[in-house]
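The structure is shown first.

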Amino acid sequence: AQSVTQLGSHVSVSEGALVLLRCNYSSSVPPYLFWYVQYPNQGLQLLLKYTSAATLVKGINGFEAEFKKSETSFHLTKPSAHMSDAAEYFCALNTGFQKLVFGTGTRLLVSP
Amino acid sequence: DTAVSQTPKYLVTQMGNDKSIKCEQNLGHDTMYWYKQDSKKFLKIMFSYNNKELIINETVPNRFSPKSPDKAHLNLHINSLELGDSAVYFCASSQETGHGGRSPLHFGNGTRLTVT
């Protein structure tokens, strides 16, 4: 079955520190992978996507993610956290049947 | 200009009532979706329509009935509301034909349904 696992329901960092949000997937076919961000009381907004082109994907707001097939991972990183990055982050997998499978989300907390 | 808009933003109602949530997208997308987000933030697809045709119908009670009058609109009607229906419902759209899966979803801001 297709699935996404996000390790850590909460991640806390200091402003200026590296952000690392983990995502592992399980898929029997080549996956399309996405990271979305959700700010309070808002819908989900696309950060970046992997669709079998370059394995290092750059997104908005300075985020990037690297697809590693050998590790079945698609971790999200940002070199330096800002206070405005505090939000809920979702990793999602689409196996090509118009159905996104979401991870359980990771809340990023940024302290001054 | 709002790309995917849903109304109402908040909906508070009593058990047993019938309610509808409306969704419209102005992106020209072919595919629209309804997702449910529970209190633990878990997101699960409910329905997907492609050009007004039902494509995905997950295991959702028959009390939930989507309707797509045209490809820019996908409404969700819920009969006999139950306490467990309380959640945030998100409408989304994507430019997806066939079974590609490459196109990202564009989400509305959600409708917070509270059943008392």
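## Sheet and interface

Strand S3 of chain B pairs with strand S8 (residues 73–78) of chain B in the antiparallel sense, over 4 bridges. Strands here are DSSP runs (E) of at least two residues, numbered from the N terminus, and two strands pair if DSSP finds at least two bridges between them. Within this pairing B:Glu24 stands opposite B:His73 of S8(B).

The model is predicted: local features need pLDDT of at least 70, side-chain atom pairs count only at pLDDT 80 or more, and totals for chains, interfaces and linings use all residues. Residues are numbered from 1 along each chain as its sequence is written, chains are lettered from A and ligands numbered from 1 in the order in which they are written, and side-chain values use heavy atoms, with hydrogens and water left out.

S3(B), residues 19–25, also pairs with S1(B) in the antiparallel sense, again over 4 bridges. Here B:Gln6 stands opposite B:Cys23 of S3(B). Both pairings belong to an open sheet of 4 strands in chain B, ordered S1-S3-S8-S7 with antiparallel pairing. Strand S1 (4–7) and strand S7 (64–70) of chain B are the edge strands, each pairing on one side only. On average, neighbouring strands of this sheet are turned by 20 degrees against each other, direction ignored; the axes are lines fitted to C-alpha atoms, and angles run from 0 to 180 degrees between N-to-C directions.

The two antiparallel pairings of S3(B) are listed below.

| Strand pair | Bridges | Opposite residues |
|---|---|---|
| S1(B) and S3(B) | 4 bridges | B:Gln6 and B:Cys23 |
| S3(B) and S8(B) | 4 bridges | B:Glu24 and B:His73 |

Next, the interface. In chain B, 30 residues are in contact (heavy atoms within 4.5 Å) with 24 residues of chain A. The two chains bury about 2,100 Å² between them, 52% of it on carbon and sulfur atoms; this is the accessible area (1.4 Å probe) lost on putting the two parts together, summed over both. Strand S4 (31–37), strand S5 (43–50) and strand S6 (53–57) of chain B each supply at least two residues of the side that touches chain A. That side of chain B divides into 11 nonpolar, 12 polar and 7 charged residues, with Gly counted among the polar ones.

B:Glu58 lies in the loop between S6 and S7 of chain B. Leaving out residues up to four places away in sequence, B:Glu58 touches A:Lys99, B:Lys44, B:Ile45 and B:Met46.

Two further backbone features lie in loops. B:Thr7 and B:Pro8 are joined by a cis peptide bond, with omega about 0 degrees; B:Pro8 is in the loop between S1 and strand S2 (10–13) of chain B. A:Asn61, a residue other than glycine, has a positive phi near 60 degrees and sits in the loop between strand S7 (56–58) and strand S8 (64–68) of chain A.
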